[in-house]
Amino acid sequence: MVYTLSIAPSIDYTLDLGDKELKVGGVNRPLSKGLSLGGKGITVSRMLKNLKVDSIPIVAIGGKNGQTIKEMIDKEFKEAIYLDTETESRIDVMITGPSQDTRFDPAAPKITKAGLDKLFDVLSTKLSDKDILVLAGSLGQEDKHLYAEIIKKCTENKDVTVFLDSVDEALVNALPTHPFMIKPNQEELSDIIKKNLKTKDEIIAGAKSLKEIGPKSILVTLGKDGAYYFAEDGSIYSCNCATGKQISAVGAGDSSIAGFIKGLVENKSIEETLIYSMAAGGSTAFSEYLGSFELFSELQSQIKVKKIF
């Protein structure tokens with residue numbers, strides 16, 4: 001089974017600027033796209049559902065906003081696990097468009113002690129060998145070592161595959177616990193290793209040095225230039241992006257993780273898994289919401305994967 005953890009979920013209020021530029025300090029007249037579920041872990045689960053892969057979301061919620069999040073999740077998933085927070089779940093404002101992805105993300109509330117106890121009990125009793133756990137998004141106001149503690153708990157006596165998609169201290173603190181895969185983009189990779197990486201050789205050298213710290217594999221995304229995958233066995237692969245009209249980048253990275261997981265669940269080769277990953281990300285980038293299975297399938301023929309080392 002695949003489990004996804006959302007420590008800092010949200011209700012997202014999306015405003016579409018279209019082709020217009022954001023006027024900071026001025027009046028903007030975007031089109032309201034309404035309310036939707038936010039949170040990287042939730043987004044991975046929702047995209048997995050589109051890709052016909054079952055998952056169980058683990059979500060921290062509180063207050064009336066939290067109840068709304070629960071109602072939205074319960075409509076989509078047969079099973080979900082909820083953790084109580086001390087205060088109200090947050091509302092995020094997202095300004096999107098073909099060349100725009102601006103977000104206003106207030107800090108998520110802390111999880112109660114009972115909620116954290118429930119989380120670790122779930123990790124101990126529900127996760128089994130060969131399960132997959134996705135730790136995605138920020139840690140809100142939680143201790144920045146929480147992801148590291150979770151990975152240790154899940155992998156010390158079980159063969160659990162952990163995907164870690166976070167930033168800053170939450171990510172760096174967890175690297176020595178050997179997550180199966182992390183997914184920084186070029187800028188995030190530069191920040192982690194504290195070097196400005198611009199060329200292909202610099203990116204490859206930077207990811208190799210990061211891999212020595214602990215992650216078993218790394219997917220470095222390069223925007224329109226595709227991605228490099230640094231596999232557990234030391235091999236390095238390059239892959240291109242699908243071509244199409246980008247509608248919104250929101251959720252594309254989470255969708256690429258979902259595509260990768262689909263490849264693992266179906267025991268595909270690394271090359272096929274990377275095709276799934278890039279096609280899933282592209283399908284969401286070219287869609288108003290998350291990518292459909294039909295578009296995901298259509299885009300696969302555009303993805304070319306090459307082993308470069």
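Reply: Let us begin with one contact in this predicted model. The side chains of Asp-165 and Lys-40 meet in a salt bridge, at 3.2 Å from N to O. The pair links distant parts of the chain, with Asp-165 in strand E9 and Lys-40 in helix H1 (residues 40-50), 125 residues apart.

Me: Are Asp-165 and Lys-40 buried or partly exposed?

Reply: One reads this from the relative accessible area, where under 20% means buried and over 50% exposed. Asp-165 has 7% relative accessibility, so it counts as buried. Lys-40, at 30%, counts as partly exposed.

Me: With which other residue does Lys-40 form a salt bridge?

Reply: Side chains of opposite charge can pair when their charged atoms come close. Here Lys-40 also bridges to Asp-254, and the closest N and O atoms are 2.7 Å apart. Since Lys-40 lies in helix H1 and Asp-254 in helix H8, the pair ties together parts that are 214 residues apart in sequence. Asp-254 is buried, with a relative accessible area of 6%.

Me: How many salt bridges does a search of the whole structure find?

Reply: The search finds 12. Among them is the bridge between Lys-33 and Glu-288, at 2.3 Å from N to O. Lys-33 lies in strand E3 (residues 31-38) and Glu-288 in the loop between H9 and H10, so this pair ties together parts that are 255 residues apart in sequence. Lys-33 counts as partly exposed at 26% relative accessibility, and Glu-288 counts as partly exposed at 44%.

Me: Turning to the rings, how many aromatic pairs are found in the whole structure?

Reply: There are 7 aromatic pairs. To classify one, consider the angle between the planes: over 60 degrees counts as edge-to-face. The rings of Phe-163 and Phe-260 have planes at 70 degrees and centres 5.9 Å apart, so this pair is edge-to-face. Phe-163 belongs to strand E9 (residues 161-165) and Phe-260 to helix H8 (residues 252-265), 97 residues apart.

Me: Which residues form one aromatic cluster?

Reply: The cluster consists of Phe-163, Phe-180, Tyr-229 and Phe-260. Phe-163 is buried at 1% relative accessibility, and Phe-260 is buried at 3%.

Me: Where does the charged end of Lys-208 sit?

Reply: The charged end of Lys-208 sits over the ring of Phe-309, 5.2 Å from its centre. Lys-52 lies over the face of Phe-293, at 4.7 Å from the ring centre.

Terms used:
Residues are numbered from 1 along each chain as its sequence is written. This is a predicted model: local features need pLDDT of at least 70, side-chain atom pairs count only at pLDDT 80 or more; totals for chains, interfaces and linings use all residues. Side-chain values use heavy atoms; hydrogens and water are left out. Rings of Phe, Tyr and Trp (its six-membered ring) pair if their centres lie within 6.5 Å; planes under 30 degrees apart count as stacked, over 60 as edge-to-face and the rest as tilted. Helices (H or I, at least four residues) and strands (E, at least two) are DSSP runs, numbered from the N terminus. Buried means under 20% relative accessible area, exposed over 50%, partly exposed in between (1.4 Å probe, protein chains only). A charge sits over a ring if NZ of Lys or CZ of Arg is within 6 Å of the ring centre and within 35 degrees of the ring normal. A salt bridge is a side-chain nitrogen of Lys or Arg within 4 Å of a carboxyl oxygen of Asp or Glu.
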